[in-house]
Amino acid sequence: MKLYFKPLLAGIILLFTANAFAQQVPTAPTDPSVRVGKLDNGLTYYIRHNEYPKGQANFHIAQKVGAVQEDENQNGLAHFLEHMCFNGTENFPDKTLLTWLESIGVKFGINLNAHTSQDQTIYDIMNVPVSRESVVDSCLLILHDWADGLTLAPEEINKERGVIHEEWRSSSNAFMRILEKRGSELYSDSKYSKHLIIGTMDIIDNFPPQVLRDYYEKWYRPDLQGIVVVGDIDVDRTEQKIKEMFAPIQMPANPAQFEYYPIADNDAPILVAQKDKEMPINLILIMIKHDLLPRELRNSDAFLITDYMNSILNTIMGERLNELTFKPDAPFGSSTFYIDKFLTVSTKGAVNMQTVVNDKGYDTALKASLAELKKVKEFGFTASEYDRARAEYLSQLENAYNNRTKEKNDKYAQEYIDNFIENTPITGIEYEYNKMKQLAPMLPLEAINDYARQLINDKNLVLLATGPDKEEVVLPTKEEMQKVIDEVAATPVEAYKDNAIIEPLMSNFPTPGKIVSETENKNMGYTELVLSNGAKVLLKPTAYKDNEIVMRAVSEGGASLYPASDYPNVALISHLWELNGLSQFSMVDLQKILSGKQAYVRAYVDDYEEGMQGNTSPKDLETMMQLLYLNFTQPRYDKEGFEGIKQLAVSQLKNMESDPNYVFQDSVTQIRYAHHPKAMILGMPMMDKMDYDRMFQIYKERFANADDFIFTFSGNFDMNVMRKYVEQYIATLPANGKKEQAANDGKSLAKGTVSREFTRKTENDQAMLSMAWSGSMPYTLENRIKISIAGQLMANELLNRVREDEGAAYSPYSTGRLQKTFEEFFMIQTSFGLNPDKRATSEKLTIACLEDLAKNIPEAELNKMKEFMMKQTDENFHDNNYWAGTMEEYVMNGLDMATDFKATLQKITTKDMQDFIAGLLKQGNRIEVFMMPEK
């Protein structure tokens with residue numbers, strides 16, 4: 001146990017009664033709502049009954065093993081094995097596992113998935129309709145087969161090699177390549193440096209199937225496996241079925257010894273500088289390693305207190321770094337602070353700072369970052385900072401407590417997976433809330449500062465400087481980084497002075513307006529208010545979440561009402577304006593004022609509309625309403641201060657052309673819209689044309705008329721309280737009686753068949769394909785459902801043909817959507833990375849996927865889509881965000897997405913869909929773009 005932990009443990013001991021810690025830290029109690037058990041063979045299980053969402057359950061199997069358990073000839077096979085779990089088991093041969101799950105509405109990649117890390121492998125079957133007990137049994141049987149019943153057929157292994165290869169091609173980004181090149185230094189020659197999940201392609205392409213079976217038989221065994229079932233199930237019956245299915249699984253006769261792989265400490269700093277051609281930003285990573293709370297102590301109150309103190313440090317440091325970032329003369333583009341694991345490992349913790357370098361250079365950014373850490377080490381935090389951070393922590397904890405009866409299955413499931421893998425507590429929110437509400441006020445500022453000093457020490461420092469591989473980007477040498485470290489150590493720093501804000505958000509209140517009329521919509525369960533200023537407000541009180549209220553406000557117009565020369569100023573409102581602050585308060589001031597309050601409002605201006613989105617708790621409803629009012633009436637003008645925000649954006653965007661994905665997205669946008677001058681994505685061309693005064697003027701114009709807005713609220717609120725706030729904060733907004741509509745600004749999708757290809761140097765010879773079919777279509781509920789089904793049907797075809805059969809791509813997908821701007825149109829689109837050697841084949845297969853659906857759609861395939869959409873609709877009906885959007889859609893466009901959705905969906909036949917897709921294709925508009933790697 002390292003020295004830094006001793007003061008923490010001593011401090012924890014003092015918080016409890018006299019003999020509670022006499023010999024050891026007591027284990028935290030287990031939430032009585034979850035049943036935890038262990039079979040004789042060592043397998044652990046967690047079962048919880050939960051009815052949110054009603055009629056559904058999640059099934060998981062967690063494995064305590066991952067890439068670091070591989071032998072050298074198995075590098076990448078832990079991840080390969082994860083893929084094989086979907087390619088045939090004893091009870092679900094070939095692809096029948098996918099077919100059966102999709103037949104009950106469980107979609108691959110959305111509800112059915114898995115992930116592999118260096119330390120764990122998790123399999124998920126989520127949002128399963130479980131009204132039939134046989135479905136529960138079948139899902140448990142799938143988990144059983146994953147645990148001990150994979151077929152691992154050689155032909156399926158060979159087919160999957162291409163898929164894995166394409167996943168490597170698409171997922172091996174700049175940072176992962178740096179870890180591969182310099183991992184032995186960063187990880188101090190630990191096994192983590194050699195087993196980075198995806199593995200080596202030489203092994204992936206050539207390993208004998210028996211080598212994969214060896215890993216499976218060695219490590220997939222009961223003592224390293226945990227079963228998690230959460231949902232609307234019978235706990236007793238589920239437990240009995242788990243015992244019946246999993247108890248017969250035998251432990252190996254001589255099981256291999258499972259071990260955790262440590263990361264060594266370092267006295268001298270580890271200093272690494274490494275470029276990559278596709279790194280999009282200039283970045284410095286500062287990491288100070290520390291030992292994590294020992295696993296044997298994690299399932300205790302010691303973990304809760306450690307987590308609390310980490311949260312406090314993260315919050316205060318976030319405030320300090322934001323304050324520096326938003327200054328016009330900021331020493332760096334941005335900097336974030338967080339306490340987490342060290343890089344990708346589970347056996348070492350770290351204080352982490354990620355600092356984006358601006359035009360002042362690496363030395364300045366590094367010096368400023370290290371100086372901020374030194375301030376904490378020498379002077380700690382102030383009382384006012386701690387008060388705000390503690391208030392925010394307790395507010396979020398209270399929010400979770402108040403929503404305790406409406407938590408979804410996946411939240412509980414993740415807690416139990418973490419308990420199995422990491423031995424973290426599963427006390428339940430009631431225990432955690434009551435315990436920490438008691439303990440947080442007892443932990444003095446001195447304890448927090450002592451803890452911070454233990455973490456931010458003079459050892460275990462690791463620095464990584466990186467940036468794009470360009471001649472003008474000069475990374476610091478090891479000697480230069482060490483020089484900065486020495487200079488900061490020798491230079492005195494001043495204690496941070498907190499500018500605490502004690503002003504209220506609003507001091508002057510307008511005379512309340514009036515509600516002119518109230519109308520009830522019984523089908524959707526909302527009340528429509530018309531206010532004295534002409535604004536419309538839709539109110540839907542719900543009990544879906546006890547501590548949630550969702551707000552939306554929308555009006556037509558947006559960027560369409562402005563010439564192309566203004567487009568950058570309009571578009572950047574959505575990206576940057578929130579950082580500008582509000583009223584007389586900067587963004588940093590607002591963060592301080594809102595500490596301890598769960599209230600948020602964000603303004604946006606899109607191409608054809610403008611609006612605001614917000615959320616809050618019932619307790620902080622008035623705060624959200626004040627934020628709404630101020631966003632409309634008092635946008636903050638601070639041209640000089642905004643320069644810091646601009647520099648923040650520039651520092652993160654100036655090297656985006658190094659990222660092939662950015663280049664491809666930019667090219668696709670321009671080609672799809674026939675190089676219309678408004679066909680721009682966020683980047684330096686947009687930033688170069690920004691004019692703050694013009695942006696400010698456009699913002700005021702877009703929010704000058706509340707009469708043109710529809711306001712929707714869905715959540716747990718009292719109608720009388722809401723009426724009072726509506727009269728105070730919405731009925732008093734300015735209005736001029738003008739009604740606006742989206743204008744025809746000429747930004748339409750290209751017509752006819754358009755095919756473009758260009759080349760781009762990529763590190764992994766990555767090719768990209770984008771294809772879109774489009775045309776005019778009436779904006780109706782039936783068409784909206786049909787276009788969504790068409791996109792899903794095509795996605796299945798792409799998965800089967802392009803990925804599984806051809807091995808040409810890892811994640812081909814497609815979506816279909818219907819849009820209403822100044823015109824009504826549809827688009828079915830797909831975009832994915834692919835093997836450049838299979839460019840022609842991929843193009844033909846992608847086109848054929850949609851064209852063949854116009855001729856033949858198997859009944860079973862359509863039924864899969866219907867089952868998924870029906871299940872998703874049932875989930876949506878218990879979601880406040882869904883209802884806010886649905887009310888808005890009904891009032892603005894006349895589409896009833898609630899009352900008529902299921903009936904309209906059910907009546908759609910395979911012939912309907914075939915004729916529908918054929919009609920889309922007849923319009924003759926297809927845009928395809930290929931980015932090919934330079935040879």
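How many salt bridges does the structure hold?

1. The structure holds 64 salt bridges, a salt bridge being a side-chain nitrogen of Lys or Arg within 4 Å of a carboxyl oxygen of Asp or Glu. The model is predicted, so that local features need pLDDT of at least 70 and side-chain atom pairs count only at pLDDT 80 or more, while totals for chains, interfaces and linings use all residues. Residues are numbered from 1 along each chain as its sequence is written, and side-chain values use heavy atoms, with hydrogens and water left out.

2. Helix α9 (residues 235-246) contains both Glu244 and Lys241, three residues apart, about one turn of the helix; helices here are DSSP runs (H or I, at least four residues) and strands likewise (E, at least two), numbered from the N terminus. The side chains of these two residues form a salt bridge at 3.7 Å, N to O. Glu244 is partly exposed at 44% relative accessible area, and Lys241 is partly exposed at 21%. Buried means under 20% relative accessible area, exposed over 50%, and partly exposed in between (1.4 Å probe, protein chains only).

3. In helix α12 (residues 362-379), Lys374 and Glu378 lie four residues apart, about one turn of the helix. Their salt bridge has its closest N and O atoms 3.8 Å apart. Lys374 counts as buried, with 8% relative accessibility, whereas Glu378 counts as partly exposed at 40%.

4. A salt bridge also joins Lys619 and Glu398, with the closest N and O atoms 2.6 Å apart. This pair links distant parts of the chain, 221 residues apart: Lys619 is in the loop between β17 (609-616) and α20 (621-633), and Glu398 is in helix α13 (residues 383-402). Lys619 is exposed, at 55% relative accessible area, and Glu398 is partly exposed, at 23%.

5. A network of salt bridges links Lys95, Glu156, Glu160, Arg803 and Glu804.

6. There are two cavities of 30 Å³ or more. A cavity is a set of points on a 1 Å grid over the protein atoms alone where a 1.4 Å probe fits but cannot get out, and lining residues have an atom within 4 Å of a point. The largest cavity has a volume of about 80 Å³. It is lined by 14 residues, of which Lys64, Asp119, Phe258, Tyr260 and Ser346 are the closest to its centre.

7. The second largest cavity holds about 30 Å³ of space. Its lining consists of Glu102, Val106, Lys107, Lys864, Met865 and Phe868. Helix α28 (residues 859-876) gives the largest share of this lining, three residues.

Key. On a 1 Å grid over the protein atoms alone, a cavity is a set of points where a 1.4 Å probe fits but cannot get out, and a pocket is an open set with protein on both sides within 12 Å along at least five of seven lines; lining residues have an atom within 4 Å of a point. Grid points are joined across faces, edges and corners, and a volume is the space filled by probe spheres set on the points.
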